[in-house]
Amino acid sequence: MAEAEIDNSKYFVRDIEKNDGSVLKMKQCYMGDVGCVVWDAAIVLAKYLETKAFCDPSAGVNVWCGRTVVELGAGTGVVGLMAATLGAQVIVTDLEDLQSLLNVNIRENQSLIQSGSISAKVLKWGEDVSEFLPSPRYILMADCIYYEQSIGPLVETLKQLSGPETSIICCYEQRTEGVNPEVEMKFFELLQRSFSCEKIPSEKQDPEFSSSDIHILHIRRKD
């Protein structure tokens, strides 16, 4: 069956410039749920993947090259796409409703992906993850700590999906209004039963794309 034409009237575009000067063009939806736009935490995490700790072309360093990556709650897919352009083998995941947007953005940015790869799949937190095993080397997640009812399933998915060598990189915007502080507290209480967390200081983040209220954590399973 022929691939459906993209209806550009549904979308507006946000450009994310990479360190090499190339530009990720991320389509966002005018209408839809929280996954339809590029959130600031996703940009902060995407740019963090390019920092010298991971990627330093002058020194011949590229941690992402050939690494397996799964992004949870990918939304527009900007974080996973950044990893794929850096050479990672990426699966971006979200609910069924977001698959069309993910695939649009994958098609739109395919020319920037040389040695890496990317595909989109449905993953509902708390459900079976067997098709994503063996465990990826990296799990990426940006602004996934949002709905109270999803906290338990998200932590369960992290437990099922991660192995002893898996590094989870979580970026989230700290929100002070409404139930958000309570939701964050419950998430970290549950997470820290099975995982250890290390906060990444701002000086190790991208110098332009960082913010005092957006935090990056490295998370690993406890022995």
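## Backbone features in two loops

Proline 134 is placed in the loop that runs between β7 (117-122) and β8 (138-142). In this predicted model, the peptide bond joining leucine 133 and proline 134 is cis, with an omega of about 5 degrees. Most peptide bonds are trans, and most residues other than glycine have a negative phi.

Aspartate 143 is found in the loop between β8 and α4 (151-161). Although aspartate 143 is not a glycine, its phi is positive, at about 50 degrees. The relative accessibility of aspartate 143 is 14%, so this residue counts as buried.

## Confidence

The protein has a mean pLDDT of 92, and 94% of its residues reach 70 or more. Over residues 1-5, pLDDT stays under 50; for this stretch the model has two contacts beyond four places in sequence.

## Nonpolar cores

The largest nonpolar core comprises 40 residues. Those with the most contacts inside this core are Leu45, Leu49, Trp64, Val78, Val79, Leu140 and Ile169. Helix α1 (residues 40-48) supplies the largest share of the core, namely seven residues. Another core lies apart from it and has 26 residues, including Val70, Ile91, Leu154 and Leu217.

When neighbours within four places in sequence are left aside, valine 79 is in contact with Ala42, Leu45, Ala46, Leu49, Glu71, Leu140 and Ala142.

Helix α1 is mostly covered, with eight of its nine residues buried. The buried residues are Ala41, Ala42, Ile43, Val44, Leu45, Ala46, Lys47 and Tyr48. The elements against which they pack are β1 (11-17), α2 (78-85), β8, β9 and β11.

Helix α5 (residues 180-191) has twelve residues, which at 1.5 Å a residue should span 16 Å; the end C-alpha atoms are 16 Å apart, in agreement with that value. Buried in α5 are Asn180, Val183, Glu184, Phe187, Phe188 and Leu191. These residues cover an arc of only 125 degrees around the axis, and therefore lie on the same side of α5. The buried residues of α5 pack against β8, α4, β9 (167-173), β10 (195-199) and β11 (214-221).

## Salt bridges

Side chains of opposite charge can pair when their charged atoms come close. A search of the whole structure finds ten salt bridges. In one of them, the side chains of lysine 27 and glutamate 108 meet at 2.9 Å, N to O. Lysine 27 belongs to strand β2 (residues 23-29) and glutamate 108 to helix α3 (residues 99-108), so this pair ties together parts that are 81 residues apart in sequence. Lysine 27 counts as buried, at 7% relative accessibility, whereas glutamate 108, at 37%, counts as partly exposed.

A salt bridge also joins the side chains of aspartate 20 and lysine 18, at 3.8 Å, N to O. Aspartate 20 has a relative accessibility of 57% and counts as exposed; lysine 18 has 5% and counts as buried. Glutamate 173 and arginine 175 form a further salt bridge, in which the closest N and O atoms are 3.6 Å apart. Both glutamate 173 and arginine 175 are buried.

Terms used
Residues are numbered from 1 along each chain as its sequence is written. This is a predicted model: local features need pLDDT of at least 70, side-chain atom pairs count only at pLDDT 80 or more; totals for chains, interfaces and linings use all residues. Side-chain values use heavy atoms; hydrogens and water are left out. A nonpolar core is a set of buried Ala, Val, Leu, Ile, Met, Phe, Trp, Tyr and Cys residues joined through side-chain atoms within 4.5 Å. Buried means under 20% relative accessible area, exposed over 50%, partly exposed in between (1.4 Å probe, protein chains only). Helices (H or I, at least four residues) and strands (E, at least two) are DSSP runs, numbered from the N terminus. Contact means heavy atoms within 4.5 Å. The expected span of a helix is 1.5 Å times one less than its number of residues. The arc is that of the directions from the helix axis to the C-beta atoms. pLDDT is the predictor's confidence in each residue, from 0 to 100. A salt bridge is a side-chain nitrogen of Lys or Arg within 4 Å of a carboxyl oxygen of Asp or Glu.
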